[in-house]
Amino acid sequence: MTEKKHRHWLSRLSFGTVSLAMSVLLVLSYCSVIFDPAKFWFFTLFGLLYPLFLVITLGLFVWALFRRSSMKGLLLAVLLPSFFFAGRYYQPHWKSPEGTPSLKVISYNVGLFVHSDRQQDRVALADSVSAYLMRQDADVICLQEFYLPSEINLDRWLKKHFPGYKAEYYIFPGARGAFGNVTLSRRPVMDKGKINFERSTNLALWTDVKLDSAAFRLYNCHFESYNISLSNLVKKDGAVEETERKMRRSITERPKQVAEVMRGMDKAPLQSLALGDFNDGPLSYTYFRLLRGRYDSFTRAGKGFGATYNALWPLLRIDYILYPKGLEAVSCEIPHVDYSDHYPIIATYYETGRNTR
């Protein structure tokens, strides 16, 4: 009898310890939206792991209810903020359209045309991606990590594969080819420019596009990547230290890059959309900074899981289209096509007539 009570006591202690630990981790993930990662870089990691922490804590809460554990109150308390955050990862149903769409936008990190199960070479895969995008009949297409070999004329290739679109791009030349961001528009382009980030090949392109009754500026962003190879992490000596260094640099550089884009938005004469590969989750300082004065297309008009990075689906949502007043989202789709390690975001909008600074 004494031994049985002892095992029961140990079980309660173990459950309480695990519940307390997960509660702390979940609270730390909430804090990732508050603390500037340029100063407290490790909070970003808690934010990235939020979906995992949430699922485990939910499981513990259900088990606490079943066991009538005294930990259920604590677990419920730390789960309550997730009623606000969880919708940024999963949406249960479509938003009912309120108007006729007048703008269709695609944002897609094409992964340098190397991440595909189709076993095509880069040029053939680029041809397949362009054909897929043309079938979507979008008004604006924003691409990140675009690549073509040096022997291919970029202007000629874009005109051939995207007829009817005006292409704006900024490409970094390399020994074997060139890579960068590309923005394609079937709507009139009024102005354009770029923001180069210090000590980085990442950048943001901005393009002023005229719609039916108003004009908007689109920032096609690719913020600092982690540049981590899982295979090297397993095989290479010193890979753990190198990985930590890369993660720290990536996490601390992104808020600086976001600040540059936001300075441009503040000075812009038009309302701005921020879209592209942010390399940060919805529970992050950088995401919430860019969200100020804007709406998330997925949370307003998406359905299902919003994850955009296919290798760790459904954990990682790092690609976005954030839009301002003057537009309202009708739909937001994230089709699971296997051309890249990212999934594209395809969103439609109607104009509301509230396009004021």
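Author: Happy to! One term to begin with: buried means under 20% relative accessible area, exposed means over 50%, and partly exposed is in between (1.4 Å probe, protein chains only). This is a predicted model, where local features need pLDDT of at least 70, side-chain atom pairs count only at pLDDT 80 or more, and totals for chains, interfaces and linings use all residues. Residues are numbered from 1 along each chain as its sequence is written, and side-chain values use heavy atoms, leaving out hydrogens and water.

Reader: Great. How many salt bridges are there in the whole structure?

Author: The search finds 13, a salt bridge being a side-chain nitrogen of Lys or Arg within 4 Å of a carboxyl oxygen of Asp or Glu.

Reader: What does Glu224 pair with?

Author: Its side chain meets that of Arg249, 2.7 Å from N to O. Glu224 sits in the loop between β8 (215-222) and α8 (230-235) and Arg249 in helix α9 (residues 239-267), so the pair ties together parts 25 residues apart in sequence. Helices (H or I, at least four residues) and strands (E, at least two) are DSSP runs, numbered from the N terminus.

Reader: Is Glu224 buried or exposed?

Author: Glu224 is buried, at 5% relative accessibility, while Arg249 is partly exposed at 28%.

Reader: New topic: what about Arg317?

Author: Arg317 forms a salt bridge with Asp296, with the closest N and O atoms 2.7 Å apart. Both Arg317 and Asp296 are buried.

Reader: And which residues form a network?

Author: Salt bridges link Asp139, Arg187 and Asp212 in a network.
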